[in-house]
Amino acid sequence: MKICIVEDEAVWRNKIKTTVENYCAGKNISAQINAYGSGRDFMKNTDADLLFLDIELADGEDGFWIAEQLMNSGSQCKICFLTSHTEMARQGYRVNAFRYIDKKYLEEIDEAMESFFKTKVQERIISCKNTAGIQIRINLSELLFIETSGRKLRYLMLDGSEHFCEGKISETAQGLSPFGFFYVQRSYIVNLKYIESVNSHEITLCNGLKIAIGRVHSGEFKREFFKWRMLFGD
């Protein structure tokens with residue numbers, strides 16, 4: 001997860017970065033946090049999931065213009081505008097702003113972060129090569145679980161459709177762990193979002209499938225599942 005801050009005033013930039021860091025530390029969230037003093041520096045590498053962007057930057061830079069460039073590039077980055085002049089916020093409809101935060105109330109960043117993680121964490125499309133050698137795209141928010149199937153991996157979707165792809169389950173589990181998936185035993189990676197119930201030795205998914213929890217994974221699974229429910233549970 002990559003979070004960026006664009007704020008030309010060092011005092012505000014440091015305050016905002018500290019607030020974001022404290023939120024992530026308090027929620028045990030791993031994120032790369034980069035702060036920039038100008039839109040020009042940020043635009044050299046616009047790869048971000050969440051952006052805290054000052055509307056009025058130095059040297060005539062315009063936060064709305066930066067947001068428009070991101071939108072036109074096809075970026076899915078969520079933008080939280082920062083301003084001392086809240087009357088300017090109404091212009092943000094042009095770029096589908098995620099939040100407007102008054103600099104006098106930086107505690108609003110916590111609410112923005114919580115909402116962002118609830119809506120964004122599984123908004124990912126991954127690619128994998130199927131058994132025919134064709135690259136396919138899989139929406140993580142619709143992926144129920146992955147299981148080993150011979151030397152392939154079976155991806156089962158919520159609608160019952162399935163994809164058989166190449167890959168190693170341990171490597172796949174590691175890549176998906178930041179997005180709410182857990183390697184519950186040597187044959188299964190499950191989407192924590194779709195766990196219906198849990199007991200001491202197995203989980204039940206929303207489709208009724210019961211999967212045993214591997215003994216070596218049990219303690220870590222319980223910690224991760226509890227953390228997920230604390231962060232994203234309804």
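Trainee: Which residue in S14 does Ser-197 stand opposite?

Mentor: Happy to start there, with a word on the source: this is a predicted model, where local features need pLDDT of at least 70, side-chain atom pairs count only at pLDDT 80 or more, and totals for chains, interfaces and linings use all residues. Residues are numbered from 1 along each chain as its sequence is written, and side-chain values use heavy atoms, with hydrogens and water left out. Strands (E, at least two residues) and helices (H or I, at least four) are DSSP runs numbered from the N terminus, and S13 (residues 195–198) pairs with S14 in the antiparallel sense over three bridges. Across that pairing, the residue opposite Ser-197 is Thr-204.

Trainee: Which residue takes a positive phi in the hairpin of S14 and S15?

Mentor: The hairpin of S13 and S14 has three residues between its strands. In the hairpin of S14 and S15 there are four, and the one with a positive phi, near 95°, is Gly-208.

Trainee: Are the residues on both faces of S14 buried or exposed?

Mentor: Buried means under 20% relative accessible area, exposed over 50%, and partly exposed in between (1.4 Å probe, protein chains only). On one side of S14 (residues 202–205) lie Glu-202 and Thr-204, and on the other Ile-203 and Leu-205; all four are buried.

Trainee: Which residue's backbone oxygen does the side chain of His-217 reach?

Mentor: His-217 is found in the loop between S15 and helix H6 (218–232), and its 15% relative accessibility is why His-217 counts as buried. Leaving aside neighbours within four places in sequence, His-217 is in contact (heavy atoms within 4.5 Å) with Phe-182, Tyr-183, Val-184, Gln-185 and Arg-186. The backbone oxygen that its side chain reaches, at 3.2 Å, belongs to Tyr-183.

Technical notes: Two strands pair if DSSP finds at least two bridges between them. A polar contact is a pair of N or O atoms within 3.5 Å; within protein, one must be able to donate a hydrogen and the other to accept it, and residues adjacent in sequence count only if both atoms are side-chain atoms.
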